[in-house]
Amino acid sequence: MPARHRRALYLHLYLSLFLAAVLCGCATARPELAHVRALAAGTDALSAFSELSQRHVDSYQRTRPYLSPAEDARERLLDAQRRAAQADAARLAQAVRLYLQALGRLADTDAYDVQPELAGAGAALRAWPGSGIDDRHVSAYILLLQQLSRLGGGAGQQAHLAQVLHDGDAPLQALLAALDSLLALYDKSGDNERDMVLGLLDVEIAYADTPQQRLLTVLAKNMQQSKTEEYRLAGLRHTLARRQLAALGREHARLAATLTTTEAQWTDR
């Protein structure tokens, strides 16, 4: 067999094996992608933050019936400050939410699927000297498909996600720390509100606990029990939300490290 024909045969065989390997690699399940999608879907902490932030802003409306004139004037100023800061607090949470949504899209199983393009390219390309297709064109064909495989498929998706996670980890951790600080502030403010409301009820119940005001005392005690439970649950929600934010940060950092290492191994291979 002439050397030219042997080269064409080898190129054709190489291309067939290359396409088969790429298509097999594209179809391989990537557990890292499932972990990233789970991270992106885990927005319970952000939802809890938004609800607790709104509760913090509504503090004046809840405490107003229990305030003296002097306390009312002070709480009105605090209410204005809380409402002015809420928009920026909401923007912090929204930035984290949008980032996680983008990660979820990047980790979607079909986001980097190039199998249709590679399958459509086929593998039956041969050199036809004298007709315009020679060995150089077959080689160029192979190289171009190699670039396509790098743009898409598991390796391309892995590389892109690894870069995004790596570059996004530091700012994400900073925003999560800011949200955690805000939750600590909300929790402390809630404790102050609790002490103010329950303290007033303690005093009023003590003075109202007479036979003539028995019904009023019963109603006040029921309110006291209800408020005590409300503030207890609010405190637990603050604690849980802070733990969820911490877990979110740890998982993101873990994935950033894991995918960066795995991507480097894939690149080496």
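Guide: Welcome! A helix here is a DSSP run of H or I with at least four residues, and helices are numbered from the N terminus. The model above is predicted.

Visitor: Where does D108 lie?

Guide: D108 is in the loop between α5 and α6, and α6 covers residues 115-121.

Visitor: Why does D108 count as partly exposed?

Guide: Its relative accessibility is 35%. Buried means under 20% and exposed means over 50%, with partly exposed in between. The 35% of D108 lies in that middle range, so D108 is partly exposed.

Visitor: Which residues is D108 in contact with, leaving aside neighbours within four places in sequence?

Guide: Those residues are R37 and Q157. There is also L33: it is 75 residues from D108 along the chain, while their C-alpha atoms are separated by 7.3 Å.

Visitor: Why is T63 called buried?

Guide: T63 has a relative accessible area of 2%, and the cut-off for buried is under 20%. The 2% of T63 is under that limit, so T63 is buried. This residue belongs to helix α4, residues 59-63. Not counting residues up to four places away in sequence, T63 touches E193, M196 and V197.

Visitor: D72 and L92 are both in helix α5. Why does D72 count as buried?

Guide: D72 has 14% relative accessibility. That value is under 20%, so D72 is buried. Its contacts, leaving aside neighbours within four places in sequence, are Y60, R64 and L67.

Visitor: And why does L92 count as partly exposed?

Guide: L92 has 26% relative accessibility. This falls between 20% and 50%, so L92 is partly exposed. With neighbours within four places in sequence left aside, L92 is in contact with L175, A178, L179 and L182. One of these, L179, is 87 residues from L92 in sequence, yet 7.4 Å away in space, C-alpha to C-alpha.

Visitor: Why is α3 called roughly antiparallel to α5?

Guide: Angles over 145 degrees count as roughly antiparallel. The angle of about 175° is over that limit, so α3 is roughly antiparallel to α5. The residues of this contact divide into seven nonpolar, six polar and four charged. Among them are F49 and H56 in α3, which has its partners in α5, including R82 and V96.

Visitor: How do you know that the span of α3 is close to the expected one?

Guide: Helix α3 has 14 residues and reaches 20 Å from its first C-alpha to its last. The expected span, at 1.5 Å a residue, is also 20 Å. Its buried residues include A45, L52 and V57.

Visitor: How many of the residues of the whole protein count as buried?

Guide: Of its 269 residues, 35% count as buried. The protein exposes about 15500 Å², and carbon and sulfur atoms supply 60% of that area. Among contacts with a separation of 6 or more, 85% come from residues 24 or more positions apart.

Technical notes:
Residues are numbered from 1 along each chain as its sequence is written. This is a predicted model: local features need pLDDT of at least 70, side-chain atom pairs count only at pLDDT 80 or more; totals for chains, interfaces and linings use all residues. Side-chain values use heavy atoms; hydrogens and water are left out. Buried means under 20% relative accessible area, exposed over 50%, partly exposed in between (1.4 Å probe, protein chains only). Contact means heavy atoms within 4.5 Å. Accessible areas come from the Shrake-Rupley method with a 1.4 Å probe; for residues, only the protein chains shown count as cover. Axes are lines fitted to C-alpha atoms, for helices over the stretch in contact, and angles run from 0 to 180 degrees between N-to-C directions. Helices (H or I, at least four residues) and strands (E, at least two) are DSSP runs, numbered from the N terminus. Angles under 35 degrees count as roughly parallel, over 145 as roughly antiparallel, 65 to 115 as roughly perpendicular and the rest as oblique. Ala, Val, Leu, Ile, Met, Phe, Trp, Tyr, Cys and Pro count as nonpolar, Asp, Glu, Lys and Arg as charged, and the others, Gly among them, as polar. The expected span of a helix is 1.5 Å times one less than its number of residues.
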